[in-house]
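Please keep the sequence and the model in view while reading.

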Amino acid sequence: MMQWETLLSLKRSGRTASSSSDPRHPFEVDLDRITFAAAFRRLKDKTQVHALPDNDHVRNRLTHSIETASVGRSLGVQVGQEIGKRHPHLRAEYAAPYFGHVVQAACLAHDIGNPPFGHAGESAIQTWFAQRRQEAWFAALNPPQQADLLQFEGNAQGFRLLTQLEMGRRKGGLRLTHGVLGAFTKYPRPALAQVNAAERWDAGAKRKNGFFQSEQTQMAEVAESCGMITADADAPRWRRHPLAYLMEAADDITYGVIDLEDGVELGLIPPWEAITVLTEIAQPKFDMKGGPLERVRTLRAMAMGQLNEAAAQTFVDHESELLAGQFHGGLMDASPLAEPLRAAGQLARDRLYMAEPVALKVAAGQRVIQGLLEIFQPVVIALHAAQWETAALDSQHRYLAALLDAETLTTLRGAPTVNSYEALLFLTDFLSGMSDKQALRLYRRLNGIDV
């Protein structure tokens with residue numbers, strides 16, 4: 001059974017807990033560290049649903065993350081208030097707002113590792129490596145390392161970024177508290193872990209992984225510090241931190257209804273269809289005025305309020321199962337609003353996600369990602385062999401190496417990669433660190449389309 005006192009661990013990644021004169025609570029410090037991270041700012045030009053949108057009102061990954069964090073904070077505070085009533089001894093050190101800060105911080109960072117073009121970018125990376133299974137440089141990797149690339153995950157890249165890459169690759173990266181990192185880790189398993197189909201609690205983790213082999217030690221430290229339950233005695237796999245369910249619910253709530261609003265604004269979803277679905281969730285008690293888009297926006301706000309209440313209540317109703325690591329599925333799946341929320345998601349899939357303008361940009365984005373991998377993979381392998389000394393490369397590779405991040409190259413010259421797996425992770429770091437526009441611009445220039 002997990003305990004709230006350890007789940008809200010204040011120990012920081014990369015360092016031992018220490019006293020501080022900072023008047024802010026450690027979880028508030030985490031919020032500031034994420035907000036000011038360069039990787040967080042880059043979300044401004046990363047795809048949510050619509051790649052490179054012409055309409056400034058349409059959400060991107062940054063606005064989505066901010067809205068999700070707002071929902072997460074509300075959910076955390078609501079749950080924290082009830083937890084405080086049930087466990088009075090927690091109130092002094094673990095007041096309700098601190099629950100809100102943890103979930104808010106996890107939500108703020110939940111997409112921070114996504115590559116350009118969103119899930120299409122993930123798929124492009126996975127497919128590109130899968131097509132090279134027989135090549136010597138890939139075959140030389142061990143199975144867990146191969147799995148990290150074949151199942152490349154924005155969630156795992158996010159954990160890597162938070163714990164290693166930010167702040168000049170210093171030990172611990174942003175040095176967030178383990179409580180926040182635990183809540184952030186939606187899938188506490190590596191890519192190669194075998195999952196028993198009978199373990200329904202791990203249903204979401206059957207599809208995705210939350211950390212790479214390179215960050216397994218950091219994940220183990222977070223799990224131990226937070227008292228997360230080991231799911232397999234023979235594998236590095238844990239049952240979710242309970243507050244990860246609130247982070248997931250905030251994400252589900254946000255995109256579940258907001259995508260409909262964006263779809264109406266872009267003219268891809270008929271307003272009356274969105275109004276019908278949102279009314280089922282919002283259950284308005286008054287007659288609305290205004291045009292179709294204004295009605296959609298009003299219903300979206302009301303629907304989010306109803307979904308928040310449902311998610312928080314579902315969490316407190318199942319607190320004992322969540323602490324025991326035995327909760328099945330997601331919070332919204334177990335809520336009374338599961339069916340209307342699914343209907344909203346189905347409408348978005350039918351009308352929005354595969355609409356021609358969306359599909360065209362997604363397909364183009366996949367070609368961009370795979371084209372950049374094709375160009376830079378030989379350069380990275382050559383740099384690894386040359387101990388990251390660009391002067392040792394042939395002229396073609398040297399020019400391409402000049403396009404890589406200069407500060408990171410300087411760091412790697414001082415501490416070269418020890419194997420090709422680490423070098424290939426640098427390659428995926430490089431790509432994931434780009435915005436949609438950066439990736440497209442670089443691809444066009446390297447192919448002579450725009451110089």
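Arg342 and Glu339 are 3 residues apart in helix 16 (residues 338–353), so about one helical turn separates them. Helices here are DSSP runs (H or I, at least four residues), numbered from the N terminus, as strands are (E, at least two). The two side chains form a salt bridge in which the closest N and O atoms are 2.5 Å apart. A salt bridge is defined as a side-chain nitrogen of Lys or Arg within 4 Å of a carboxyl oxygen of Asp or Glu.

Arg342 is partly exposed, at a relative accessible area of 38%, whereas Glu339 counts as exposed, at 54%.

## Basis of the report

The model is predicted: local features need pLDDT of at least 70 and side-chain atom pairs count only at pLDDT 80 or more, while totals for chains, interfaces and linings use all residues. Residues are numbered from 1 along each chain as its sequence is written, and side-chain values use heavy atoms, with hydrogens and water left out.

## The buried residues of helix 16

Which residues of helix 16 are buried? They are Ala338, Pro340, Leu341, Ala344, Gly345, Leu347, Ala348 and Leu352. The elements that cover them include helix 12 (242–265), helix 13 (271–282), helix 14 (292–317) and helix 17. Such covering rests on contact, meaning heavy atoms within 4.5 Å.

## Salt bridges across the chain

How many salt bridges does a search of the whole structure find? The search finds 17. One of them joins Arg61 and Asp111, with the closest N and O atoms 2.6 Å apart. Arg61 belongs to helix 4 (residues 61–86) and Asp111 to the loop between helix 5 (96–108) and helix 6 (118–130), so the pair ties together parts that are 50 residues apart in sequence. Both Arg61 and Asp111 are buried.

Another salt bridge is formed by the side chains of Arg132 and Glu374, at 2.5 Å from N to O. This pair links distant parts of the chain, 242 residues apart: Arg132 is in the loop between helix 6 and helix 7 (136–139), and Glu374 is in helix 17 (residues 356–385). Arg132 counts as buried at 12% relative accessibility, while Glu374 is partly exposed at 43%.

## Cysteines

In general, a disulfide is a covalent bond between the sulfur atoms of two cysteines. When the rule requires a pair of cysteine sulfur atoms within 2.5 Å, the count comes to 0 disulfides. Cys107 is in no disulfide, and the nearest cysteine sulfur, that of Cys226, is 16 Å away. Cys107 is buried, with a relative accessible area of 0%. Cys226 is likewise in no disulfide and counts as buried at 0% relative accessibility.

## Packing of helix 4 against helix 12

Two packed helices are described by the angle between their axes and the distance between the axes. Helix 4 and helix 12 pack at an angle of about 130 degrees, and their axes are 8 Å apart. Helix 4 is therefore oblique to helix 12. Angles under 35 degrees count as roughly parallel, over 145 as roughly antiparallel, 65 to 115 as roughly perpendicular, and the rest as oblique. The axes are lines fitted to C-alpha atoms, for helices over the stretch in contact, and the angles run from 0 to 180 degrees between N-to-C directions.

Among the residues that make this contact are His64, Val71, Gly72 and Leu75 of helix 4 and Leu246, Ala250, Ile253 and Tyr255 of helix 12.

His101 lies in helix 5 and is buried, with a relative accessible area of 14%. Apart from its neighbours within four places in sequence, His101 is in contact with Phe27, Glu28 and Leu31.

Gly173 is found in the loop between helix 9 (154–169) and helix 10 (178–184), and it is buried at 0% relative accessible area. Not counting residues up to four places away in sequence, Gly173 touches Leu162, Thr163, Gln164, Glu166 and Met167. Met434 is in the loop between helix 20 (420–432) and helix 21 (436–446) and counts as buried at 7% relative accessibility. With residues up to four places away in sequence again not counted, Met434 touches Lys46, Pro116, Leu372, Ala439 and Leu442.

Note on methods
Buried means under 20% relative accessible area, exposed over 50%, partly exposed in between (1.4 Å probe, protein chains only).
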